[in-house]
Amino acid sequence: MGCFECCIKCLGGVPYASLVATILCFSGVALFCGCGHVALTGTVSILENHFSKTVSDHALLTEVVQLMQYVIYGIASFFFLYGIILLAEGFYTTSAVKELHSEFKTTACGRCISGMFVFLTYVLGVAWLGVFGFSAVPVFLFYNMWSTCQVLNSPMANMTSSIESICVDVRQYGIIPWNAAPGKACGAVLGEICNTSEFYLSYHLYIVACAGAGATVIALLIYMMATTYNYAVLKFKSREDCCTKF
């Protein structure tokens, strides 16, 4: 066998679907975890400086944010390992399907492991749909605040004398308690908040984090199709000598 034929054989064993899903998953998780971590820190800073002057009013929120940041560390570590494992499983089953190694034989243990990956990937896919929806919540909140600032800076608002009546009250979202002071920002104070770098940075980081969560959902959907196909192939290989290409 020549060098060219050997290269073609090696390329034939590459699980391209799993490879694309792994790259997309790593990218999505990195964006979600990195941007989400920084955005949470910026959000707490904005609340402390402008909406909640008393430490006890936002103490619970600070603890929740710190807990979420630790969870982000765990998510990043888990998906790094899980992506590598799924990619390795893709190489294993693709080589089996295309019969690159004639000595390959399917076993009950191998089929059981593939079935476990199918189940776990489906569970993670459903869970990340929830994460994707949850990551859209801060984007919605910051968008409401940004749109209020746009109204504040509009020419029509400048022509009226009721600029101070344009407010954003974060207490209505349940982020801080109703007795927190001041709890809301109006008029010129709101305009100053919207012009800070913390606000714009956190807003855009939440958007990127939401996009990263969406990319991870797409990656898990690809993983679902790949792992389900791999499991079906292993079942067929254990029953008869069939050769299905993927």
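**Fold, pocket and surface of the predicted chain**

I84 lies in helix α3, which spans residues 59-97. Helices here are DSSP runs of H or I with at least four residues, strands are runs of E with at least two, and both are numbered from the N terminus. The model is predicted, so local features need pLDDT of at least 70 and side-chain atom pairs count only at pLDDT 80 or more, while totals for chains, interfaces and linings use all residues. Residues are numbered from 1 along each chain as its sequence is written, and side-chain values use heavy atoms, with hydrogens and water left out.

The chain holds 7 helices and 2 strands. From the N terminus, the order of elements is α-α-α-α-α-β-β-α-α. Of the 246 residues in the chain, 41% are buried. Buried means under 20% relative accessible area, exposed means over 50%, and partly exposed covers the range in between (1.4 Å probe, protein chains only).

I84 is partly exposed because its relative accessible area is 42%. I84 also belongs to a nonpolar surface patch, together with F80, L81 and I85. The patch covers about 380 Å². Patch residues have over 30% relative accessible area and no salt bridge; nonpolar side chains (Val, Leu, Ile, Met, Phe, Trp, Tyr) are joined within 5 Å, and like charges within 9 Å. Accessible areas come from the Shrake-Rupley method with a 1.4 Å probe, and for residues only the protein chains shown count as cover.

The largest pocket contains about 820 Å³ of space. Its lining comprises 33 residues, and L40, M68, F134, P138 and Y206 are the closest to the pocket centre. Two or more lining residues come from each of α2 (16-51), α3, α4 (108-152), β1 (167-169) and α7 (197-239). Helix α4 gives the largest share, 10 residues. The lining is made up of 28 nonpolar, 5 polar and no charged residues. In this classification, Ala, Val, Leu, Ile, Met, Phe, Trp, Tyr, Cys and Pro are nonpolar; Asp, Glu, Lys and Arg are charged; the others, Gly among them, are polar. Pockets were found on a 1 Å grid over the protein atoms alone, as open sets of points where a 1.4 Å probe fits, with protein on both sides within 12 Å along at least five of seven lines; lining residues have an atom within 4 Å of a point. Grid points are joined across faces, edges and corners, and the volume is the space filled by probe spheres set on the points.

Helix α4 also contains V139. V139 counts as buried because its relative accessibility is 18%. The C-alpha atoms of V139 and V208 are 9.6 Å apart, across 69 residues of the chain. G115 is placed in helix α4 as well. G115 is partly exposed, since its relative accessible area is 24%. G115 and T227 are separated by 112 residues in sequence, yet by 8.1 Å from C-alpha to C-alpha.

Helix α7 includes L221. A relative accessible area of 44% makes L221 partly exposed. L221 and A21 are 200 residues apart along the chain, and their C-alpha atoms are separated by 8.4 Å.

Side chains of opposite charge can pair when their charged atoms come close. A salt bridge requires a side-chain nitrogen of Lys or Arg within 4 Å of a carboxyl oxygen of Asp or Glu. The count is 1 salt bridge. D169 pairs with R171, and the closest N and O atoms are 2.9 Å apart. D169 is found in strand β1. D169 is buried because its relative accessibility is 16%. R171 is likewise buried, at 14% relative accessibility. The C-alpha atoms of D169 and C186, 17 residues apart along the chain, lie 8.6 Å from each other.
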